[in-house]
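Have a go at each one before you read its solution.

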Amino acid sequence: MHITINCAKSLDSILEGNYSNKKDWKRVYELRAKSDAIMVGINTILKDNPRLTTHNTGKEPVKIVIDSRCRIPKDARIFQTKTIVAVSKKAPKERIAEIQKKAKIILCGKEKVDLCALMNELQKTSINTLMIEGGGTLISSILNLNLADELIVAIAPQITSKGIRFVEKELKAPINLKLKDIQKLDEIVVLKYDVLK
Ligand SMILES: NC(=O)c1ccc[n+]([C@@H]2O[C@H](COP(=O)([O-])OP(=O)(O)OC[C@H]3O[C@@H](n4cnc5c(N)ncnc54)[C@H](OP(=O)(O)O)[C@@H]3O)[C@@H](O)[C@H]2O)c1
């Protein structure tokens, strides 16, 4: 599976807030349309309630929410297109039963969602290209497990100073990257890297 992390951030690497402009959103919609699936952490759903659609740019990828305790609200906007909710053994059975009416549930992990086991499951369902859209806690786990192949960051001309950061949790080791493209979308700079493994 090819895994791309995509995010928009301030110059000081804060993720919380909207750092994309019109041209960058177009880039994001096109990238979504090229992906088989898009993954986010539950805090992103609870905070932003996003639909994560392609805005009619192309085919709709499957949406995947990482949600150990199955806290996702049953009226979350993400359910407007095909969704998978990955939960752990911490998820109450009643919550699973409720959310199962809206989405496919994949159970993997004792406490947190076991992301490696989940990737194996997803691969079996012909998900071969996966886009990780955040937030910073999920991105940290993906980097820590060395799962990402590509990293795309859009950097906005703002120093925000506080909020959830791009890498929210400490990493076990530095991640080395190879710069492969730089794009300027008006005031936003988009950097594309391969992750060296
Ligand atoms: N600028 C951007 O591009 C962008 C994109 C997306 C989000 N955001 C922002 O990011 C913020 C949310 O980020 P966040 O860091 O608070 O949360 P997050 O990454 O959206 O969600 C993290 C949560 O996922 C659950 N989880 C379960 N298993 C996990 C695992 N193995 N690894 C990591 N997480 C796991 C945990 O909650 P449980 O234990 O309850 O399951 C964890 O607290 C929001 O403010 C949102 O606006 C920005």
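**Exercise 1. Find out which residues leucine 138 is in contact with, and whether leucine 138 is buried or exposed.**

Start with the contacts: skipping its neighbours within four places in sequence, leucine 138 touches Val40, Gly41, Ile66 and Ile132. Here, two residues are in contact if their C-beta atoms, placed from the backbone, lie within 7 Å.

A word on the ground rules: residues are numbered from 1 along each chain as its sequence is written. The model is predicted, so local features need pLDDT of at least 70 and side-chain atom pairs count only at pLDDT 80 or more, while totals for chains, interfaces and linings use all residues.

Helices (H or I, at least four residues) and strands (E, at least two) are DSSP runs, numbered from the N terminus.

Now count: leucine 138 has 24 other C-beta atoms within 10 Å, so it is buried. The cut-offs are 20 or more other C-beta atoms within 10 Å of its own for buried, 12 or fewer for exposed, and anything in between for partly exposed, with C-beta atoms placed from the backbone.

**Exercise 2. Work out where isoleucine 164 lies and how far it is from isoleucine 14.**

First, look between β7 (150-156) and β8 (177-185): isoleucine 164 is in that loop. Then check the distance: isoleucine 14 is 150 residues away in sequence, yet the two C-alpha atoms are 5.8 Å apart. Beyond four places in sequence, the contacts of isoleucine 164 are Ile14, Leu15, Glu16, Gly135 and Gly136. Finally, isoleucine 164 is partly exposed because it has 19 C-beta neighbours inside 10 Å.

**Exercise 3. Check the span of helix α1 and say which of its residues are buried.**

Take the 13 residues of α1 (residues 22-34): at 1.5 Å a residue they should span 18 Å, and the end C-alpha atoms are 19 Å apart, which agrees. The expected span is 1.5 Å times one less than the number of residues.

Now for the buried ones: Asp24, Val28 and Arg32. They cover an arc of only 80° around the axis, so they lie on the same side of α1. That arc is taken over the directions from the helix axis to the C-beta atoms. Among the elements covering these buried residues are β1 (2-10), β2 (37-41) and β6 (129-132).

**Exercise 4. Find which element supplies the largest share of the shell around the ligand.**

The element is α2, with five residues.
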